[in-house]
Amino acid sequence: MATRLPAPPEAGLLNGLRFGTDTMRFLDGVQARFDDGTAIPIPGRPPLVILTGPDLVADALERPEDFPRIPAQGAVSMIAEKGLVQSEGELWSQQRSVMAPAFGGKQINAYADTTGERIEARATRWAEAGARETDLHCEMTSLTVRVASEILLGEDIGKARADQFHEWMAVAGEEFEFGIETVLPEWVPTRTSDAFRDAATGIRELSEELIERRRAELEAGERTDASDMLTMLIRAEENPEVEFPDNQIRDEVATFLIAGHETTALSLTYTLALLSWNPDARRRVREEAQGVLGDGPLTHEALSELPYTKRVYREALRLYPPAWAVFRRADGDVPLGEYVVEDGSAIIMPLWSIHRDGRHFENPETFDPDRWQRRDPNAVAAYRPFSSGPHACVGRGFALAGSTLVLARLVGEFDVDVPESALDDLRLTPTLRPGDGVSATITPIE
Ligand code: HEM
């Protein structure tokens, strides 16, 4: 007979408090104690389920009809309510297929090439500036948001807007930080700050501006050959057989402005930090990169020459998964493995803790890029930085290709040195964010 996942012996509220006040340590503790997962009773709410077993995680992710995403509400819905990272069911399926052609192999190459051009310009500026200190996370955000806007929306939003975006994301990060309210009963009201409301308005207005400009261009018969995601959405909306809810395109643009850059910026920041603490790995990336760096920008053709750099990036995604957890809820009392998950349970699949579990990874805390030579990352159930199942990351190919080129260019030409303590204060928002920037010293190498 199917049973419930075990509850920890401590009282529910105590667990809730621990979860709300020191989430990561709490999740690591749960990971160590439960093979499959736990269901924590929370007063006034359905239980909080934490899945720790990779096979149960994979099963839950394959079944969005039983384990749908938690609908956007509160602060999140002020930015976008039903973009591709929030929607479910028919709307999600329609939108994913409308946008799928924007993420094929040809587009991955175009994305890699655009990244190569952008990073070339950035590296030239870094070289001219000489040795200096900077906020690495801010640098990576302004780089990736410009690449994302150029490739997905057909327009580079420019440096000032990109820097502004970094500020907005910092404000949003504070608003979305996991805290005690995550486990408060649902009747306790929570508030949003004025700064957050301004950031959400800024992101929505920027999205509307980009859409209006593109509509005007298309109506004027300009850019008729554009094949970016925004053009695809506008064309799909004109098709009488496709039904778009109000503001759907704005929600998608706002969603992609964020999803298309934030995790990539974080992953690059974490990889450069890890390389700074692992000089041997940095030397190997540099040697490999110097074999492909020439006079012009790097292109997708260099990717096949950068196997070690790819392994480094995959290993950084294991130790510092920017999407530190995946969230779902149970729609009905639903079977999962030998268990039944209670209707309405919020479900957390803590990628961070699973990626650092010694049952699945040898020396889990060690940065060992060569583990991905011994193992095929696609065959390791416990390794899923891009999630899996129908909602698996649509931008995975972009991130892997673009980030490899960024790392090759930067590590090939600069020492990026990050203090050992730089990642001590990581905040849990929907992504894993450095609390107060990541200060780094950048020095052109001779
Ligand atoms: C290192 C970089 C990235 C990481 C670690 C990452 C991670 C993830 C994860 C874990 C999910 C699944 C969330 C869930 O199951 O609820 C996801 C979904 C998604 N990602 Fe990414 N992502 C990255 C880059 C990108 C990029 C570059 C784009 C856009 C070009 C993107 C767009 C999306 C979208 C639209 C979804 C929702 C897919 C769907 O539900 O159909 N991501 N990502």
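1. E2 and E7 run parallel and are joined by 3 bridges, where strands are said to pair if DSSP finds at least two bridges between them. Within this pairing, Ile50 stands opposite Ile348 in E7. The strand and helix labels used throughout are DSSP runs numbered from the N terminus, with helices (H or I) of at least four residues and strands (E) of at least two. The model is a predicted one, in which local features need pLDDT of at least 70 and side-chain atom pairs count only at pLDDT 80 or more, while totals for chains, interfaces and linings use all residues. Residues are numbered from 1 along each chain as its sequence is written.

2. E1 is joined by 5 bridges to strand E2 (residues 45–51), and the two run antiparallel; Thr38 has Ile50 in E2 as its bridge partner. E4 and strand E7 (residues 346–349), likewise running antiparallel, are joined by 4 bridges, with Met349 in E7 as the bridge partner of Val326 and Ile347 in E7 as that of Arg328.

3. Strand E4 (residues 326–329) has a covered face, made of Val326 and Arg328, and an uncovered one, made of Phe327 and Arg329. Contact is taken here to mean that the C-beta atoms of two residues, placed from the backbone, lie within 7 Å.

4. A second open sheet, of 3 strands, has the order E3-E11-E8 with antiparallel pairing. Strand E3 (132–135) and strand E8 (414–417) stand at its edges with a single partner strand each, so one side of each is left without a neighbour in the sheet. Neighbouring strands here are turned by 30° against each other on average, direction ignored. E8 pairs with strand E11 (residues 439–444) in the antiparallel sense over 4 bridges, and Asp415 stands opposite Thr443 in E11.

5. Helix H14 (residues 307–319) has 13 residues and reaches 19 Å from its first C-alpha to its last, close to the 18 Å expected at 1.5 Å a residue; the expected span is 1.5 Å times one less than the number of residues. Among its buried residues are Arg311, Tyr313, Glu315 and Leu317, a residue being buried if 20 or more other C-beta atoms lie within 10 Å of its own, exposed if 12 or fewer, and partly exposed in between, with C-beta atoms placed from the backbone. The cover over the buried residues of H14 includes helix H12 (262–277), helix H13 (279–290) and helix H17 (396–413).

6. H12 is mostly covered, 15 of its 16 residues being buried. Its end C-alpha atoms are 23 Å apart, which agrees with the 22 Å that its 16 residues should span at 1.5 Å a residue.

7. H12 also gives the most to the shell around the ligand, with 3 residues, and helix H11 (248–259), H12 and H17 each supply at least two. Of the 23 residues around the ligand, Thr263, Ser387, His391, Cys393 and Gly395 come nearest, a residue being near a molecule if its C-beta atom, placed from the backbone, lies within 6 Å of it. By class, the shell has 14 nonpolar, 7 polar and 2 charged residues.

8. Two individual residues may be worth a look. Leu428 lies in strand E9 (residues 426–428) and counts as buried because it has 20 C-beta neighbours inside 10 Å; Leu428 and Glu174, 254 residues apart in sequence, are 9.3 Å apart in space, C-alpha to C-alpha. Gly397, placed in helix H17, counts as partly exposed with 18 C-beta neighbours inside 10 Å. Leaving aside neighbours within four places in sequence, Gly397 is in contact with Phe103 and Ile108.

Conventions. Nonpolar A, V, L, I, M, F, W, Y, C, P; charged D, E, K, R; others polar. Axes fitted to C-alpha atoms, helices over the stretch in contact; angles between N-to-C directions.
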